[in-house]
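Visitor: Please show me the model, and let us examine the terms used to describe it.
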Amino acid sequence: MRLWCTKPVLLLAAMLLSISAMAQFTATGKVTDSEGNPLIGVTVAVKGTAVGAFTDFDGKFEIDVPTDEATLEFTYIGYAPVEVQVSKDNPNVEVVMANEATQLDEVVVTGLATSVKRSNLANSVAQIDARQLTGVTTQQTMDGALYGKFAGANIIKNSGAPGGGISIRLRGITSLTANSQPLFIIDGVYLDNSAIKAGFDFVSKSQAGGSQSVQDDPSNRIADIDPEDIETIEILKGASAAAIYGSRAGAGVVIITTKRGKAGKTTVNVAQTFSMNALLNPRGMRQWDSDKVAASWGPDEVPIYEAAVAAGKIYNYEKELYDNRLLGYQTRLSVSGGDDKTRFFTGLTYKNDPGIVLNTGYQKTSFRLNLDRQLWDFMDLKVSSNYIKSSADRGYFNNDNSGTTIGISFISTPPWAELHPDENGNYPDNPYSGGNPLQTAALVTNNESVDRIITGGTLTTHLIKQDNQSMRLILRGGMDLYSLKNSAIFPRELQFQKNGNGTDGAVIITTAQNRIANIDAFLVHSFYTGSGVHFRTQLGYTAQNFDQNVIRSTASFLVGTQTNLDQASSIFVEEDRYIQRDRGFFVQEEVNLHDQVILTLGLRGDKSTNNGDPNQLFFYPKGSIAVNVHEFDFWNSSQLSSLKLRLAYGQSGNFPVFGAKYTPLVPVVIGGSTGSLIGATRGKSDIGPERQTEIEAGMDIGLMSNKVLLDVTVYQKTIDDLVLNVQVPASSGFTSKWENVGSLQNRGLEIGLTTSPVQRDNFSWDSRTTFWLNRALVTELRVPAYNTGAFGATLGTYRIEEGKSPTQLVGITDDPNDDDGIAVFGDAEPDFQMGFWNTLNYNNWELSFLFHWKKGGDNINLTTLLTDIFGTSPDYDDKTLDPTGQLTNGEYRLAALGVTAAPWIEDAGYLRLREVGLFYRIPRAKLNDVCSLKVGVSGRNVLNFFKYNSYDPEVSNFGSNAISNNVEVTPYPSAKSYFFTIRASF
Amino acid sequence: MFFKNIWTQKLATFLLVAGLAAGYSSCQLDDIPDPNNPSLNVIESNASLGEIQNLVDGIQAWMRDRLGTYLDGVGVIGREYYRFSGSDPRFTSDLLGKGNAVLDDNTFYTTRPFQSRYRVVKNCNILMTAIENTSAPISAAEKSAALGYAKTIMAHELLMVLNQQYKNGIRVDVADPDNLGPFLSLEESLSAIASLLDEAATDLQAGGDRFPFSLTSGFAGYDTPATFLKFNRALAARVDLYRQDWSGALDALNGSFFDLGGDFYDGVYYIFSTAGGDQLNEMWYPLNSTGELRVAHPSYVTDIEAGDDRISKVTMRNDEAFQDGLSSQWDVTVYQSNTDPMPIIRNEELILIFAEASAQTGKTDDAVMAINTIRNAHGLADYSGGTSAEELIDEILKQRRFSLFGEGHRWIDMRRYGRLNELPIDRPDDDVWEQFPRPAGEN
């Protein structure tokens, strides 16, 4: 089977036999929690060996101990680990495990097949558990739930449109053109995170003006994952931690582990949430008078304005369009349980989240079934499966060149315009703009619906189980299948479709079929020397196939009110196929010397059809060392309870984008014939991957019995062979070409402080503060500096230039001292970010909140430019900008148009109360042991502090582009959300 | 026990590694040809007749790309009309030089038409390479005809670039993207374009009676090598006019479809349709549009003579359009629908070229006759002004202004005669630009 190449692995597996060990004596016992309930499925291991067992249904265990005396280790998720001495003379033990493990005892998934105890980790790996993820408030999407919860990420929401659309950058920008979003893996299945455009450029003409980039604001597909299903998320932020993931890990890896059943009583959890969204930052409107109307709209407009004032018909269209507060809800049911051989978890979520703009909203149904079965003593099977159906009505927003999007037509319309429909529901034409935004919101459909199945299985075979060694063969397969349909429907009665405006209606249907399949095989061998040294050797083979087919049909000149594609006079079809095959292997050796020194060395090899030569292997080495100073005998500090020093090095890659090796002739149509036209971008037939090299150093300090934990990490990440879409002289017929031509460097600092300031019986306070910053630099550029992104230098643009930040924002300047007329006005990179997460428990009350502070980082705000031009800026008449105090803000900014780009490049920093929740628990005992209840209110983005002159400093007209986010053109405005939740556990 | 001790275990591990590595290396990936598009090297090395037709269709399709942006650039600077836009303020700031605003070298009005024209030039070069290398059954005459076609179109596209770049000059030799030719001066550029047209004429003359491909209906009547040559000569006349080779212009007109008594609208056209994926005539907006619109510069209406039927190229709006301190009551209505064809060159321009070249060479009677042909046809009496070359040129420029309104000539004509300072200034600090900046990244 050439495609997958699993044969050699299977053959090797068949060669090996399962072997059991000889015992000196058998230890037995029972494990309970602090209330005496038996704990089922606790891992029991003989320390320093590979011998292990699990507790059964009654919490009892039996384990064969190979020596006369030994230490048994008991570990269980959510409980502090316990070590107990046993001997031939004293083989029976009763163990009580205490709840609430400290952070250091967490087990962190870092490899494709293995995990490491946090205290032995050589990297700063962020871990977010269910409590942090969904415990404070209800989340709209999985990626949106990550804000401010770990150091090292810059997360930007592209707009307020329901259904997601978020870009995540881990430790700065890692690519200028290729993928800059992390790799998402859920239970071993590689996830697709595409953003598939709706194609409404056909109507908006957004790509017809200054920018040819997609401005449709599609959501990205990671939004489908239900946050309620997630047990933990681990984030490998750079190559030093993620090297083993190879060429897809260049932008980091997000490893999602879903909840699984535990042996024992069947648990039923039911939760019902009601929600409401409200406009996050209402801007209000300009206070008009006749003089201002004459200045902005011409003298002919004054009587119209005055008549409207007299009739009391001055409307607050912002409130009508953008602040619809509708009731939403989310229903969640999960059932889990099992016995010592079989465990299951099922989760069902239904969510209906109406948007603040009329006729927008997000519905999702997610069903998960996770099954674990021990087939034989030596073989386990884990299966995870998830079906998701989602539907997002996202509205018609962002930039256009036709005056038709809700955003553009709203800001270009003064409040005395009469846009309301008559008694028959007919909307008047808006004389001030190409469209009537009330009509557009009422009639335009932009729906993205997805049917998705994510399923995977892991088969673990214990080939060797001996006193001093063990070997596991892990075979894993996964599949992410979805079909997406985007319907953008513009009926012909729209102002901008009728009477020769537009195309008498348009229906744009985009369907995408996506399939990612992965097959992996790993061999993990552990060897204990008996003197406290542990070797772990891993070999792995991975294969991934990616197939995506996007078909977009654009029908125009519609028949009557029909929206069927064939009810049209003109139909145009586009198809984009995307095929990628990746193969890789890795070897890794870990050496653990008495938990004092942990050394790791590894090598990954990768090839891909996206490279010029599909069979050239690219190698990525890694190496790391962690030193637990407190584990050494000389350590004798009562204040400093733990001290770890760590250093890690690693490389990983980033494949060039699909198609970079081709120079195509693209189809163009004239008079019904399709011709071939040279593509605008010249391919590079020998293109190779980008290579990232990361060095990370840090230290973890525990004080006062690890009640105070401080972790400090510094890193330097360089990316060489950057694949750039290099601007070439347009006189060549091309506008750009693909090249490996540069290097980029990110340096940063991450600090985390975890404390438990108060721990009393009836009151506790846990707190985690994170601080992080990143600085990026283009260290080498073998082509001339060039502007990219946004809408040209007049209005502010990005500029890739050696020795400068890749996210610098430049524009034309009137500074006579400036030689080239281009000055730097800002940088999209934040100065720093901080998260401040707290949970307070008082008796049965629980208050949690998360503040997120992003200091600095600039946006190009072109909404302000457009509102100035139409005189609708709320601050138009303020005089806070002009240093001479002469001009109003609107006049001042307009006077700068074509002179300097400075007024549109704005500080986009913010301080937000990202999440806050107040809950009251009613214990089971008070409810006749039927169930426990948790009732409370919560909110997201409830408090927001920013100076930014628009709805939300978090915005991107260009979606999740590698760079050139942070550009605003009349987006779907952001909302704040309030929730009421009641949860019952049976 | 399977493994006796650590050494046998290590040996086993080594064997496993070797086995995996061997298994892995036996696993070759097949290269994936572009699943979406034909690739350049295949077309250049051995194109089929169908693929040659595809290249020609590609050329004709893309010749229309960004025509709206091009015409807005020259039309707004030439004060023919205003382009109001709800989404982009630069039509009324940069193009009109509002306040301190200047034309930017990396903004769409500079870069996009430039890119589109050179992309067509590239497709012409690919067509020529494909014609040279193809093993498809086409005759030597057909090959010659095809080369003549490619060079003529290439010359037209280069002239469009030069119209905006003017004294910056342009690159003419752009066949090899890794080794582009130098920027020529304005004069060198014009003469290179003229030479290219002459080469094309020679090729067309040797081109037999048919092209090895078909042309769009925009070339109706000019779609054989012999008739296409008339189009080629019409373009040559325009180029000669621009480089003040008056007698050359008259010679070229002789070989063209110039016809004093003929239909003013006879000529070669860009065509548009509502077919899926096709382009629409970007110069058409519905009457009384809001948001995106073109309104005539008020001087068009104030300057036009009473009775001139060319007033129909503008139509009074219900409401005056107002933006950025500019206003006009008149929509531009040169085209009646979004599928109206747009001229590449037409007889009315050739008659005016004849008039101008005649006036410049002292053939006053010819010049006056041509002027009157234009005037009478548009409902005006015979020309009654002076007959000095200067006076005649005044009149010819005026007729060109109204006859070729919205077709991209006014700015170029005023520039040719150093009269840009005569164009009206609407706001105190506005500027009239002489040329567009050379696009960023072009050096």
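The conversation below sets values from the model against the definitions behind the terms.

Guide: This is a predicted model, in which local features need pLDDT of at least 70, side-chain atom pairs count only at pLDDT 80 or more, and totals for chains, interfaces and linings use all residues. Residues are numbered from 1 along each chain as its sequence is written, while chains are lettered from A and ligands numbered from 1 in the order in which they are written.

Visitor: Why are helix 7 of chain B and helix 8 of chain B called roughly antiparallel?

Guide: The axes of helix 7 (residues 186-205) and helix 8 (residues 225-242) of chain B cross at roughly 165° and come within 10 Å. Axes are lines fitted to C-alpha atoms, for helices over the stretch in contact, and angles run from 0 to 180 degrees between N-to-C directions. Angles over 145 degrees count as roughly antiparallel, and helix 7 of chain B and helix 8 of chain B are therefore roughly antiparallel to each other.

Visitor: Which residues meet between helix 7 and helix 8 of chain B?

Guide: Residues are in contact if their C-beta atoms, placed from the backbone, lie within 7 Å. Helix 7 of chain B contributes, among them, Leu190(B), Ile193(B) and Leu197(B), and helix 8 of chain B contributes residues including Phe228(B), Leu229(B) and Val239(B). By class, this contact has 14 nonpolar, two polar and two charged residues (Ala, Val, Leu, Ile, Met, Phe, Trp, Tyr, Cys and Pro count as nonpolar, Asp, Glu, Lys and Arg as charged, and the others, Gly among them, as polar).

Visitor: What makes strand 46 and strand 49 of chain A edge strands?

Guide: In chain A, an open sheet of three strands has the order 46-45-49, with mixed pairing. Strand 46 (905-907) and strand 49 (967-968) of chain A each pair on one side only, and are thus its edge strands. Helices (H or I, at least four residues) and strands (E, at least two) are DSSP runs, numbered from the N terminus.

Visitor: How do you know that strand 45 and strand 49 of chain A pair?

Guide: Two strands pair if DSSP finds at least two bridges between them. Strand 45 (residues 858-861) and strand 49 of chain A have two bridges, in the parallel sense. Ile860(A) has Val967(A) as its bridge partner in strand 49 of chain A.

Visitor: What does chain B bring to its contact with chain A?

Guide: Chain B gives 85 residues and chain A gives 94 residues. Helix 5 of chain B gives the most to the side of chain B that touches chain A, with 10 residues. That side has 35 nonpolar, 32 polar and 18 charged residues.

How values were computed: Two residues are in contact if their C-beta atoms, placed from the backbone, lie within 7 Å. Angles under 35 degrees count as roughly parallel, over 145 as roughly antiparallel, 65 to 115 as roughly perpendicular and the rest as oblique.
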